[in-house]
Amino acid sequence: MQREIDGEILDVPEHVAIILDGNGRWAKKRMMPRNYGHTQGSKTVEKICEEAWDLGIKYLTVYAFSTENWKRPESEVNALMRLLRSYLKDCIKRTTKNNMKVRVIGDKTGLSEDIRQSIEELERVSAANTGLNFTIAINYGSRDEMRRAMTAMARDVAEGTLDPEAVTEERFASYLDTAGLPDPDLLIRTSGEQRLSNFLLWQLAYTEFCFMEVLWPDFNRNELIRAIRQYNGRERRYGGI
């Protein structure tokens, strides 16, 4: 969709995915504990949700906590879980205020019961909202997602409800956590790192990538527009000419 942004006409991607990277380094630069960076990073998420919708982005997906993040020091993981609990509760209020529909992807069975309940309530309360479709990846890993999808497919084949010959790319995608969501048009990763870190490996097959030096807590509207400008400089051919 084309929109006028700051005096120029830009093609705004429908779906933007972001790997939120650099919270710890941002805090370290300020001689603060890593958890301070995560707290500031969560505030940036709130702001970018509003900015994304204002710019015309319909779907925003963020990588908040990966299946590999459990390997971090226990004190940091516990702090992240406390921050997640607080964020989910606050998000329930914001979804009503901002008309935002929220979905959480990842292996929820690996989360504590109170967090799972908060996720269920958040998704229920926001289900009918018609604004930004906001997806949060928590305890998410793309290989794990595909493993769970294939396990579910194998179960359906064994039960006779799925014909193996009927498995298409579309059918496989319907078993993924992101079923019903369009694939991202643009992936942004902050902090200068240039890897996918097990994020949406299936869904990013034809996505444009934008790796930015800015640390996530410093990411703002101007940085988002800069990424959209990069996206406009690409020619998406999907394997054609």
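Trainee: At roughly what angle do the axes of α3 and helix α4 (residues 113-126) cross?
Mentor: Helices (H or I, at least four residues) and strands (E, at least two) are DSSP runs, numbered from the N terminus. An axis is a line fitted to C-alpha atoms, for helices over the stretch in contact, and angles run from 0 to 180 degrees between N-to-C directions. The axes of α3 and α4 come within 10 Å, and their crossing angle is roughly 15°.

Trainee: What kind of model is this?
Mentor: Residues are numbered from 1 along each chain as its sequence is written, and side-chain values use heavy atoms, with hydrogens and water left out. Local features need pLDDT of at least 70, side-chain atom pairs count only at pLDDT 80 or more, and totals for chains, interfaces and linings use all residues, since this is a predicted model.

Trainee: How are α3 and α4 oriented to each other: roughly parallel or roughly antiparallel?
Mentor: Angles under 35 degrees count as roughly parallel, over 145 as roughly antiparallel, 65 to 115 as roughly perpendicular and the rest as oblique. With a crossing of roughly 15°, α3 and α4 are therefore roughly parallel.

Trainee: Is the crossing of α3 with α4 left-handed or right-handed?
Mentor: A crossing is left-handed if the near helix is turned anticlockwise from the far one by less than a right angle, and right-handed if clockwise. For α3 passing α4, the crossing is left-handed.

Trainee: How many charged residues does the contact of α2 with α3 have?
Mentor: The axes of α2 and α3 lie 11 Å apart at an angle of about 20°, which makes the pair roughly parallel. Their crossing is right-handed. Among the contact residues are Arg34, Glu46 and Glu50 of α2 and Glu76, Tyr87 and Arg94 of α3. The contact has five nonpolar and five polar residues, and the charged count is five.

Trainee: Which class of angle does α2 make with α7?
Mentor: α2 and helix α7 (residues 221-232) have axes 10 Å apart and pack at about 45°. That angle makes α2, relative to α7, oblique.

Trainee: Which residues in α7 does α2 meet?
Mentor: The crossing of α2 past α7 is right-handed. From α2 come Ile48, Glu51, Ala52, Asp54 and Leu55, and their partners in α7 are Arg221, Leu224, Ile225 and Ile228.

Trainee: What is the volume of the largest pocket?
Mentor: On a 1 Å grid over the protein atoms alone, a cavity is a set of points where a 1.4 Å probe fits but cannot get out, and a pocket is an open set with protein on both sides within 12 Å along at least five of seven lines; lining residues have an atom within 4 Å of a point. Grid points are joined across faces, edges and corners, and a volume is the space filled by probe spheres set on the points. For the largest pocket that comes to about 730 Å³.

Trainee: Which residues are the closest to the centre of the largest pocket?
Mentor: By class, its lining has 16 nonpolar, nine polar and eight charged residues. Of the 33 lining residues, those closest to the centre are Leu20, Asn23, Tyr63, Ala64 and Asn69.

Technical notes
Contact = heavy atoms within 4.5 Å. Nonpolar A, V, L, I, M, F, W, Y, C, P; charged D, E, K, R; others polar.
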